[in-house]
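Open the model in your viewer and keep the selection panel at hand. The stops below go from one chain to the other and end where the two meet.

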Amino acid sequence: MSDQQDWPLFEVFIRSKQGVSHVHAGSLHAADAQMALDNARDVYTRRNEGASIWVVPSAAVTASSPQEKGAFFDPSESKIYRHPTFYDVPDDVECL
Amino acid sequence: MSMENPIAVMTTALRFADNAMVLGQRVSHWVSRSPTIELDIGFANQGLDLIGQANLFYELAASLEGKGRSADDLAFLRGPEDYYNLQLVEQPNGDFAQTVMRQLFYALYAELVFEQMINGSQADLAAIAAKGQKEMAYHVRHAGEWVVRLGDGTDESHQRCQKALDFMWPYSHEFFAYDEVDDEMVRQGVLPDKETLKSQWSESLGEIIERAGLTIPDSNWQPGGGRQGVHSEHLSYLLAEMQVLPRNHPGAEW
């Protein structure tokens with residue numbers, strides 16, 4: 001296990017079928033991106049969840065800061081007109 | 001099911017069942033002992049792929065035999081002299097390099113065999129092979145990546161990986177040591193002819209070995225006979241552990 005501490009962390013994104021987005025599934029350690037793909041396949045797609053996998057070095061992710069939560073997210077709270085709730089969506093439209 | 005030579009078909013199903021069963025049992029021993037949690041799950045997946053293939057081949061063999069034996073009877077109530085797996089798959093796990101080298105050898109072989117079997121005259125074998133071919137293609141990728149990483153890694157990993165290649169190499173000759181059953185299966189298009197198999201297997205392995213910076217050993221030792229029930233002592237211990245429960249508690253269920 002000690003060797004693994006030297007391995008970088010990767011974030012794993014899985015797309016479950018055509019037409020939907022890749023969704024963050026979790027993270028794992030791997031020596032490089034190819035091994036991260038194999039590991040992601042083995043760890044996160046065992047139950048037929050996957051049609052496509054992305055792996056991204058965790059170090060490449062820039063995250064928003066908890067301190068800026070108010071400035072980032074609170075202003076959108078009062079803008080209900082931005083939600084597409086004012087018109088009817090046909091029943092057979094999936095993945096909206 | 002074609003009626004020509006059902007014994008050859010049944011024997012072939014049993015051989016590939018035994019190969020998958022023994023290797024699946026070996027691989028499953030890494031569960032909880034792997035170098036990383038990701039490999040632990042990876043080996044569990046590969047073990048389950050193989051035991052799943054074994055189950056399908058055993059069911060086919062049992063129905064072709066028609067003597068009332070079940071798939072479980074074939075797996076758990078035959079001794080080593082009645083097991084027809086290649087000697088390669090019963091070889092010990094050794095270190096991690098030895099395990100991935102054995103997996104690469106077998107997966108390359110099984111993938112090539114299954115590709116042929118899919119197009120052969122035996123529909124039941126073709127259906128199992130269609131499932132198994134994709135599984136073995138992934139095992140080739142996984143084991144191949146590791147052989148390259150270890151061979152082209154540190155001094156220690158290179159040395160261990162070369163040792164694993166030296167250890168496993170003699171057992172590769174048995175892939176191509178066809179007997180009359182195999183020859184019949186070649187005639188039915190179920191198995192590739194041994195020259196084609198050997199050249200394709202050697203070429204695929206050679207590319208990976210070259211990327212890994214390893215050297216095929218210069219050895220003339222060619223152990224064999226697994227197809228006829230001749231085995232190293234390792235198989236006896238493996239089967240003893242695998243079969244102890246059903247042999248001591250026949251018909252046990254939970």
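Select chain B: there are 10 helices and zero strands in it, where helices (H or I, at least four residues) and strands (E, at least two) are DSSP runs, numbered from the N terminus. Along the sequence the pattern reads α-α-α-α-α-α-α-α-α-α. The radius of gyration of chain B is 18 Å, close to the 18 Å that the globule rule gives for 254 residues, so chain B is as compact as a globular protein of that length. That radius is taken over C-alpha atoms, and the globule rule is 2.2 Å times the number of residues to the power 0.38.

Two notes before going on. This is a predicted model, in which local features need pLDDT of at least 70 and side-chain atom pairs count only at pLDDT 80 or more, while totals for chains, interfaces and linings use all residues. Residues are numbered from 1 along each chain as its sequence is written, with chains lettered from A and ligands numbered from 1 in the order in which they are written.

Of its 254 residues, 44% count as buried. A residue is buried if 20 or more other C-beta atoms lie within 10 Å of its own, exposed if 12 or fewer, and partly exposed in between, with C-beta atoms placed from the backbone. Among the contacts in chain B with a separation of 6 or more, 77% are between residues 24 or more positions apart. Two residues are in contact if their C-beta atoms, placed from the backbone, lie within 7 Å.

**Stop 1: B:Ala107**

Select B:Ala107, in helix H5 of chain B. Is B:Ala107 buried or exposed? B:Ala107 counts as buried because it has 25 C-beta neighbours inside 10 Å. Leaving out residues up to four places away in sequence, B:Ala107 touches B:Met136, B:His139, B:Val140 and B:Ala143. For a distance check, pick B:His29: B:Ala107 is 78 residues from B:His29 in sequence and 18 Å away in space, C-alpha to C-alpha.

**Stop 2: helix H7 of chain B**

Select residues 155-168 of chain B, which form helix H7. H7(B) has 14 residues and reaches 20 Å from its first C-alpha to its last, close to the 20 Å expected at 1.5 Å a residue. The expected span of a helix is 1.5 Å times one less than its number of residues. Show the side chains of the buried residues of H7(B): B:Arg160, B:Cys161, B:Gln162, B:Ala164, B:Leu165 and B:Met168. Their cover includes helix H4 (87-90), helix H5 (96-118), H6 and helix H9 (194-211) of chain B.

**Stop 3: chain A**

Now select chain A, which has two helices and three strands. From the N terminus on, its elements run β-β-α-β-α. Chain A has a radius of gyration of 18 Å, whereas a compact globule of 96 residues would have one near 12 Å. The C-alpha trace of chain A spans about 55 × 40 × 15 Å along its principal axes. Buried residues make up 15% of the 96 residues in chain A.

Within chain A, pick A:Ser27 in strand S2 (residues 23-29). A:Ser27 is partly exposed, with 16 other C-beta atoms within 10 Å. Not counting residues up to four places away in sequence, A:Ser27 touches A:Leu9, A:Phe10, A:Glu11, A:Val12 and A:Ser58.

**Stop 4: where the chains meet**

Show both chains. Nine residues of chain B are in contact with 12 residues of chain A. H2(B) gives the most, with four residues. By class, the chain B side holds two nonpolar, four polar and three charged residues. Ala, Val, Leu, Ile, Met, Phe, Trp, Tyr, Cys and Pro count as nonpolar, Asp, Glu, Lys and Arg as charged, and the others, Gly among them, as polar.

Select helix H1 (residues 33-44) of chain A together with H2(B): the two pack at an angle of about 65°, with their axes 9 Å apart. Axes are lines fitted to C-alpha atoms, for helices over the stretch in contact, and angles run from 0 to 180 degrees between N-to-C directions. Which residues make the contact? From H1(A) they are A:Asn39, A:Asp42 and A:Val43, and from H2(B) they are B:Glu38, B:Ile41, B:Gly42 and B:Asn45.

Finally, follow H2(B) to its end: it has 29 residues and reaches 41 Å from its first C-alpha to its last, close to the 42 Å expected at 1.5 Å a residue. Just after H2(B), B:Gly66 takes a positive phi of about 65°.
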